[in-house]
Amino acid sequence: MAGRPRLFDETEALRAAMGAFWKNGFARASMADIEEATGVGRQSLYNAIGSKETIFTRALELYADEEMAPAFAALQGSGTPLERVRAALVAMRASLTEGECRGCLMIQTISEVGGSDSPLAALIRARIQMFEGMYHGVLEEARRAGELPDGTDTRALTRLIMASTAGMALLARADVSDEFLDDVLRAALERLT
């Protein structure tokens with residue numbers, strides 16, 4: 001005997017849950033918060049998606065795929081390697097203050113689970129490594145193309161860029177001014193000249 005048909009779009013429910021987690025953090029977001037955000041009952045969420053941690057993990061994966069897409073697209077887009085890195089940084093900066101939530105859900109989650117051996121921490125570490133690899137690859141292209149001096153430590157430059165973007169994300173969450181974030185972005189971009 002087949003179960004009752006699902007009366008909600010799972011992806012839309014995950015997007016709504018993402019907002020609840022972004023607003024409250026993983027630990028503080030209750031299932032009541034998630035129910036309210038999604039408009040879906042707790043048991044239906046459990047049956048369709050799974051536990052709170054599974055809902056969060058899937059929402060975080062959706063976040064990484066959707067919200068970080070403009071920066072990924074810029075890194076893989078047209079233009080010289082440094083133009084692509086600059087475009088990715090500009091896209092990332094813009095995403096930090098768009099919409100209802102400020103900052104970055106991935107960076108926010110690092111502060112909650114970063115040093116643990118949980119599946120969430122592993123997911124975040126994997127995404128960080130992926131992003132580092134993308135930036136590093138494009139900066140290596142820039143070095144080979146002569147946009148950066150031959151002796152440039154592209155790994156260290158990659159990590160400086162990542163630390164700058166993570167810092168901007170945390171500061172955006174703290175509701176610093178756009179001018180402040182733009183100053184950090186400008187300084188990071190100047191390092192790429």
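Start with helices α6 and α9: α6 passes α9 in a right-handed crossing. A crossing is right-handed if the near helix is turned clockwise from the far one by less than a right angle, and left-handed if anticlockwise. Helices here are DSSP runs (H or I, at least four residues), numbered from the N terminus, and strands are runs of E of at least two residues.

This is a predicted model, in which local features need pLDDT of at least 70 and side-chain atom pairs count only at pLDDT 80 or more, while totals for chains, interfaces and linings use all residues. Residues are numbered from 1 along each chain as its sequence is written, and side-chain values use heavy atoms, with hydrogens and water left out.

**Stop 1: α6 and α9**

Select residues 81-95 for α6 and residues 154-173 for α9; the two pack at an angle of about 15°, with their axes 10 Å apart. Axes are lines fitted to C-alpha atoms, for helices over the stretch in contact, and angles run from 0 to 180 degrees between N-to-C directions. The angle makes α6 roughly parallel to α9. Angles under 35 degrees count as roughly parallel, over 145 as roughly antiparallel, 65 to 115 as roughly perpendicular and the rest as oblique.

Now show the side chains of Val85, Leu89, Met92 and Arg93 on α6, and of Ile161, Thr165 and Met168 on α9, which make the contact. Contact means heavy atoms within 4.5 Å. These residues divide into 5 nonpolar, 1 polar and 1 charged. In this count Ala, Val, Leu, Ile, Met, Phe, Trp, Tyr, Cys and Pro are nonpolar, Asp, Glu, Lys and Arg are charged, and the others, Gly among them, are polar.

**Stop 2: the whole chain**

Zoom out. How many helices and strands are there in the chain? There are 10 helices and 0 strands. The C-alpha trace spans about 65 × 40 × 30 Å along its principal axes. Of the 193 residues, 45% are buried (buried is under 20% relative accessible area, exposed over 50%, partly exposed in between, with a 1.4 Å probe and protein chains only). Among contacts between residues at least 6 apart in sequence, 65% join residues at least 24 apart.

**Stop 3: the core**

Select Phe21, Val85, Phe131 and Tyr135, which touch the most other members of the largest nonpolar core, a set of 62 residues. A nonpolar core is a set of buried Ala, Val, Leu, Ile, Met, Phe, Trp, Tyr and Cys residues joined through side-chain atoms within 4.5 Å. The largest share of this core, 10 residues, comes from α8.

Stay on Val85. Apart from neighbours within four places in sequence, Val85 is in contact with Leu75, Tyr135, Val138, Leu139, Ile161 and Leu192.

**Stop 4: α5 and α8**

Select α5 (residues 69-76) together with α8; they pack at an angle of about 30°, and their axes are 10 Å apart. That makes α5 roughly parallel to α8. The crossing of α5 and α8 is left-handed. On α5 the contact is made by Ala71, Phe72, Leu75 and Gln76, and on α8 by Met130, Phe131, Met134, Tyr135 and Val138. The residues of this contact are 8 nonpolar, 1 polar and no charged.

**Stop 5: α7 and α8**

Move to α7 (residues 105-113), whose axis comes within 10 Å of that of α8 (residues 119-144) and crosses it at roughly 135°. That makes α7 oblique to α8. This crossing, too, is described by its hand: α7 and α8 cross left-handed. Met106, Thr109, Ile110 and Val113 of α7 meet Leu120, Ala121, Ile124, Arg127 and Ile128 of α8.

In α7, Leu105, Met106, Ile107, Gln108, Thr109 and Val113 are buried. Their cover includes α1 (10-24), α4 (52-66), α8 and α9. Pick Thr109: is this residue buried or exposed? Thr109 is buried, with a relative accessible area of 0%. Beyond four places in sequence, Thr109 is in contact with Phe56, Leu60, Gly114 and Ile124.

**Stop 6: the end of the tour**

Select Arg173, found in α9. Arg173 is partly exposed, at 34% relative accessible area. The C-alpha atoms of Arg173 and Gly103 are separated by 4.5 Å, though the two residues are 70 apart along the chain. Not counting residues up to four places away, Arg173 touches Trp22, Lys23, Arg102, Gly103 and Gln108.

Last, go to Asp175, in the loop between α9 and α10 (178-190). Asp175 counts as exposed, at 53% relative accessibility. Asp175 has a positive phi of about 65° although it is not a glycine. Most residues other than glycine have a negative phi.
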